[in-house]
Amino acid sequence: MTAAPEPGTVAAEMPGRAPARAAAPADLREQPPVGVRLEGLTRRYGGVLALDGLDLDVAGGEFLALLGPSGCGKTTALRAIAGFEVPDAGRVWFDRRDVTAIPPSRRDVGMVFQAYSLFPNMTVAENVAFGLRVRRRDKAERAGRAAELLELVGLADRAQRYPHQLSGGQQQRVALARALAVAPQVLLLDEPLSALDAQVRVQLRDEIRRIQLELGITTVFVTHDQAEALSVADRVGVMRAGRLEQVASPDDLYERPATAFVAGFVGTMNRIPAVLGDGDVEFLGVRREVLGAAPAAGPAFALVRPEALEVEGDPRGPGRVVTRTFSGAVTRLTVALPDGVEVQADVPSAGSQGLTPGTPVTVTPAERPALVEPADLTP
Amino acid sequence: MSATTAGTSTAGVAGAGGVAPETPVRAARRGRGAWRWVVFAVLGLYFLVPLAASVWFTVRSRDGVTADVYTSIPTAEGFTENFGRSLALGALTVLIALLLMVPTVVLVELRLPRLRPLVELLTLVPLLLPPIALVVGVRSVLAWAPEYFLGTPLAEAFFALQEPALPWILVLVYVVLALPFVYRALDAGVRGAQLRTLTEAARVLGASWPRVMLSVVLPVLRTSVLNAAFLTLALVLGEFTVANILGFETFPTWIVRIAGSQPRLSVAVSVLSLLLTWALLLLISALDRRRREEDPA
């Protein structure tokens, strides 16, 4: 497993989309961050293996996203951290504390759910203060903390509203404030943005990241949306069939996928027939260095991102443009090559107007090492 | 547009929603609307004519119309005692049925969803089994058990169950009879609420299970709980067969007893009892409507 990187590296590069908010309460910021370790977690539902000996380390203060297709076990893993799932085997650690057998009510975690989870019979302020009421904190402290956190999520003026009087995005903000009010050791986010529309989703995503950085709280974020995971997390873990395929920084995951599954799942990846030589690979009529350890010589597939292919109009070129999809600065072309191979290429929109469907073209991979997968591997 | 095209076009779309076909459509709608009113009127008459006849029977006198019989109800012999007893039986039945069924329904929803068909079936049994069969069985046990266990605390318990002032045995039987209504009312509420997410949210915030039930589940199921409570109360206030066969006097058996000597009083009390039940049901409906207005989602 790769070592946990210094948290916060992604956010420093992020543009501040969210409107300015109040600073997080000082006592929440001063909490020492707690690391989370999953050790050989196994969970079976009847004949289905949801977690298959899952190992994962989340560093204190890190924002880790678990990404994967439906049914890959990411939500089960999150629920095991929360205490809602008791693993058949394996252990859950918060730093050096084994919390495997501790019920959710005593784990000291905050959680934001996919479905709207505010208590409908309580006002926004009462919702935020619920955890403190359970902990028998006095009324003044509860009111003060609720006000601070509602200020933090920009909803101070909605304190006396009821959940049904809020939009979906506002409800999830309140749920975040409620989760943070009890000063949890770990924050768990179970696809909290999936019910929101695109614009609110981006705004709230950035806001969650801002608050996480400000508090320095260890956060595990489950999502099936790769753009969401790559844009906010320090590291992303890609899961498949109850196991982690790769845990890496967003850059590494995109540029250096460890497996064919990760390559195919994160972003778009072309699989182009190739022939492996001694340290290099030949495809689309050119030779390129092999990225990473080269498999044995023989037939293979070169894995190439759409933006790493160059397309030029050429009356004698072997390819034909099949479709053209304009998306702002970039246009995606689908090009049919001989032998039934089809590739996708992203070209700058400016100057590509001539590349219409039916245009003969030449496709050339960019001058950079290529990732290779032996031909006998199934993705 | 050429004349030819226009002619073709008109011919092509005329049957698909031009001006001409709208009239028959509207007429058909009017016809359906009229039928609705007819059905509504027949139903209304079916319910209101017997009620109006009962009211007329209680208020007419040789001197005209009088409400004497209604004003005499509170002081009628046996009214306070039997109405009070039925209310107490109703309250105890509601309490026990809810204590039994709220945790059951929540448990089935959250932890044992595979048991839902079984629980549904079990709660249907009181509807499938004729009350007479149930009460004959209960009477046999009550007749046999005290003698068999004579001299033991169990025999004392059986005697206590049959105390005429407050016959607990009726409460136990009524709880069984109310199960189908209580379960369905609560189940409808549970299915409409995101109970799993709400309870998990409360748990992760540190709440114990009793706290989750009191602070989250009960308020969310408020309308369902009220529904179940009022339906049970209505059932107990109107139940005659079981009380009569087991030989206990309750509000319904008292009404039947006085019917021979004071028929107008008996009918007046029945009318009031019916109006009380309707008022309770309207109250549930109003509460439910208010909740829907508060929570359009």
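The dialogue takes strands, helices, the chain contact and the record annotations in turn.

Reader: What do I need to know before I start?

Author: This is a predicted model; local features need pLDDT of at least 70, side-chain atom pairs count only at pLDDT 80 or more, and totals for chains, interfaces and linings use all residues. Residues are numbered from 1 along each chain as its sequence is written, while chains are lettered from A and ligands numbered from 1 in the order in which they are written.

Reader: How do I read strand pairing?

Author: Two strands pair if DSSP finds at least two bridges between them. Take β9 of chain A, residues 235-240. Strand β3(A), residues 63-67, pairs with β9(A) in the parallel sense over 4 bridges. There, L66(A) has G237(A) as its bridge partner. β9(A) also runs antiparallel to β10(A), residues 243-248, with 5 bridges joining them. In β10(A), the bridge partner of G237(A) is V247(A).

Reader: What joins β9(A) to β10(A)?

Author: A hairpin with 2 residues between the strands. A241(A) in that hairpin takes a positive phi near 50°.

Reader: Where is another hairpin in chain A?

Author: Look at β12(A) and β13(A), which form a hairpin with 2 residues between them. Strand β12(A) covers residues 280-283, strand β13(A) covers 286-289, and they pair antiparallel over 4 bridges. F283(A) has V286(A) as its bridge partner in β13(A). In the turn, L284(A) has a positive phi of about 50°.

Reader: How is burial judged, and why is β9(A) called largely enclosed?

Author: Burial counts other C-beta atoms within 10 Å of a residue's own, with C-beta atoms placed from the backbone: 20 or more is buried, 12 or fewer is exposed, and in between is partly exposed. In β9(A), 5 of the 6 residues are buried, so the rest of the structure largely encloses this strand.

Reader: What does a partly exposed residue look like here?

Author: D225(A) is one, with 15 other C-beta atoms within 10 Å. D225(A) sits in the loop between β8 (218-223) and α7 (226-232) of chain A. D225(A) and A366(A) are 141 residues apart in sequence, and their C-alpha atoms are 28 Å apart in space.

Reader: How do I check a helix for length?

Author: The expected span is 1.5 Å times one less than the number of residues. Helix α6 of chain A, residues 198-215, has 18 residues and reaches 26 Å from its first C-alpha to its last, close to the 26 Å expected.

Reader: Which residues of α6(A) are buried, and how many in α6(B)?

Author: The general point is that an α-helix has 3.6 residues a turn, so residues three or four places apart point the same way. In α6(A), the buried residues include R201(A), L204(A), R205(A), I208(A), I211(A) and L215(A). After α6(A) comes G216(A), with a positive phi near 65°. α6(B) is hardly covered: the count of buried residues among its 18 residues is 0. Across chain B, buried residues make up 27% of the 297 residues.

Reader: How do I read the contact between the chains?

Author: Residues are in contact if their C-beta atoms, placed from the backbone, lie within 7 Å. The contact takes 19 residues from chain B and 18 residues from chain A. On the chain B side, α9 (195-204) and α10 (209-220) each supply at least two residues. α9(B) gives the most, with 6 residues.

Note on methods: Two residues are in contact if their C-beta atoms, placed from the backbone, lie within 7 Å.
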